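Reader: Hi! I'm new to reading protein structures, and I'd like a close look at one part of this one. Could you walk me through the inside of it, and the residues that meet there?

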Amino acid sequence: MSAGNDAANNANKQLRRILIIAYGRDADADSRVASLLLERLRERSIADSWWLTLIEDAALRLEHALDLRPNDLAVFIDTHLHGKAPFEFMEIPGDGKAPILPVADTVIPGDLLHALATIGRQGTLPPSFRLTLPLPSDESTEDIAPSVDASITAAVDFLEGLLGNTSDEHWRSEAND
């Protein structure tokens with residue numbers, strides 16, 4: 001494809017604001033996975049885009065609903081002891097009806113969508129997805145296991161592909177059912 005056609009295709013793309021938030025308990029393996037994944041994503045040139053926000057935190061909190069508010073799409077990245085390799089990618093129901101436990105220190109992604117619906121947002125809630133990487137039960141050392149490292153690499157490649165086409169339909173077609 002010629003550079004002129006490529007520029008025309010990019011000019012016709014709708015730019016959408018995207019939030020990627022990776023979370024994991026401080027000093028635990030899932031925190032190291034979140035850090036490494038975002039570090040590798042930042043190394044890619046696409047991570048310097050104005051429309052992409054990357055956040056790392058020890059846990060999701062209701063305040064993250066304010067980070068979610070201006071975005072058109074969101075990805076929540078975490079780990080799970082029983083996750084499938086190399087990762088799972090699924091849409092989070094965005095009906096805004098998830099219960100919120102006000103006494104909890106941390107929340108789940110559905111709670112943030114509910115909070116966003118509660119505080120008000122013009123238009124609909126942003127389609128939101130959860131990318132879950134597997135974490136072996138013996139992942140307690142300072143080093144990331146080779147299998148987890150391979151999952152991180154696959155997830156970064158996958159996210160880069162998603163960011164190349166930000167239509168809701170494309171993202172939903174990539175979700176595991």
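Author: Happy to! Let's begin with a term: a residue is called buried when its relative accessible area is under 20%, exposed when that value is over 50%, and partly exposed in between. Please keep in mind that this is a predicted model.

With that term in hand, look at F89 and W171, which are both buried. Their rings form an edge-to-face aromatic pair, with 6.4 Å from centre to centre and 65 degrees between the planes. This pair joins distant parts of the chain: F89 sits in strand β4 (residues 88-92), W171 sits in helix α6 (residues 168-174), and 82 residues separate them. Searching the whole structure turns up 5 aromatic pairs, and ring pairs tie F87, F89, F129, F158 and W171 together as a cluster.

Now stay with W171 for a moment. Leaving aside residues up to four places away in sequence, W171 touches I18, L73, A74, V75, F89, F129, L162, L163, N165 and T166.

Next, step back to the setting. In soluble globular proteins, nonpolar side chains tend to be buried together. Here, the largest nonpolar core has 33 residues, and F89 and W171 are among those with the most contacts inside it, along with I20, L37, I77, L131 and L133. Two or more residues each come from β1 (18-23), α2 (29-43), β2 (52-57), β3 (73-80), β5 (128-134) and α5 (146-164). Helix α5 gives the most, with 8 residues. Another core, of 16 residues, lies apart from this one and includes L19, A65, L68 and F76.

Helix α6 also holds D168. D168 counts as buried because its relative accessible area is 19%, and the cut-off is under 20%. The side chain of D168 makes a polar contact with the side chain of R16, at 2.7 Å. Beyond residues up to four places away in sequence, D168 touches R16, L73 and P127.

E56 has a relative accessible area of 35%, so E56 is partly exposed. Its side chain makes a polar contact with the side chain of S35, at 2.2 Å. Again setting aside residues up to four places away in sequence, E56 touches A22, S31, S35 and L38. Finally, the C-alpha atoms of E56 and A34 are 7.0 Å from each other, with the two residues 22 apart along the chain.

How values were computed. Residues are numbered from 1 along each chain as its sequence is written. This is a predicted model: local features need pLDDT of at least 70, side-chain atom pairs count only at pLDDT 80 or more; totals for chains, interfaces and linings use all residues. Side-chain values use heavy atoms; hydrogens and water are left out. A nonpolar core is a set of buried Ala, Val, Leu, Ile, Met, Phe, Trp, Tyr and Cys residues joined through side-chain atoms within 4.5 Å. Buried means under 20% relative accessible area, exposed over 50%, partly exposed in between (1.4 Å probe, protein chains only). Helices (H or I, at least four residues) and strands (E, at least two) are DSSP runs, numbered from the N terminus. Contact means heavy atoms within 4.5 Å. A polar contact is a pair of N or O atoms within 3.5 Å; within protein, one must be able to donate a hydrogen and the other to accept it, and residues adjacent in sequence count only if both atoms are side-chain atoms. Rings of Phe, Tyr and Trp (its six-membered ring) pair if their centres lie within 6.5 Å; planes under 30 degrees apart count as stacked, over 60 as edge-to-face and the rest as tilted.
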